[in-house]
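Keep the viewer open as you read.

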Amino acid sequence: MAPEDDPRQFSLFSHLDDARARRLHGHFSWHEFRRGKVLFQAGDPVRGFYLLGNGCVQVYRLSPHGQEQILAFLRAGDPLGEWALFHTQIYPISALCVTSSRMAYIDRAVMDGLVRSDPELACQLLTVVSGKLQRAMGLIEDLSLRDARGRICHYLCGHLEDGAHPGDSIILPVSQAVVARFLGLTSETFSRMLRQLKQEGVLTPGGRRRLVVHHPDRLREVAGLLLTDRS
């Protein structure tokens, strides 16, 4: 079993011993998907469960009028479709490869059997699902309680390393236009807010997806993550 195919590269299976990892690996099928590939759409029957080895996948929903709301960007190590283990019959969301991606696929019935026979694995799965629910609540908070400027700063803070210093960079996982849609903004609004932050000396665009942050604390303050004493 090559290291890049080891199930333990995924946090969901990091606790497995060698024998269990090899057994699980035997149930994986690895696939390469091109950029733009739709993995499934909301309403499709659930047949299995994905784990991202590399690349980026966008999960989203469409309104009855065709308006897209991006719910999350999934990266290497993330699971996709894990709700299949809770007897959901159809996918509630759609998934699209933003970049070329390599991922493992495991049949729903096989995974269901593994979870039933491994309580520790079941607990880890619940932890993952709980984390996704928490992030979904954060998105709702962003869209309902923060203005455009606050949403952007809050999103960028999520890509800052802990203890970030002036001059550190943020690399956006996708284009600014896609990030804007994720935040419920137009590309024009997103660009205008970045220009304002640049004029204020908070950050400087350093390329299509790179932003250099000159004042991390100011970014956190605008995002509502840092309280300052203005008395």
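Helices (H or I, at least four residues) and strands (E, at least two) are DSSP runs, numbered from the N terminus. Just after helix α7, Gly-224 takes a positive phi of about 85°. This is a predicted model, in which local features need pLDDT of at least 70, side-chain atom pairs count only at pLDDT 80 or more, and totals for chains, interfaces and linings use all residues. Residues are numbered from 1 along each chain as its sequence is written, and side-chain values use heavy atoms, leaving out hydrogens and water.

The protein holds seven helices and 11 strands. Of its 231 residues, 42% are buried, meaning under 20% relative accessible area with a 1.4 Å probe, counting protein chains only. Among contacts (heavy atoms within 4.5 Å) with a separation of 6 or more, 68% link residues 24 or more positions apart.

Now look at the open sheet of three strands, ordered β9-β11-β10 with antiparallel pairing. Two strands count as paired if DSSP finds at least two bridges between them. At the edges sit β9 (168–171) and β10 (203–205), each pairing on one side only.

Note on methods:
Buried means under 20% relative accessible area, exposed over 50%, partly exposed in between (1.4 Å probe, protein chains only).
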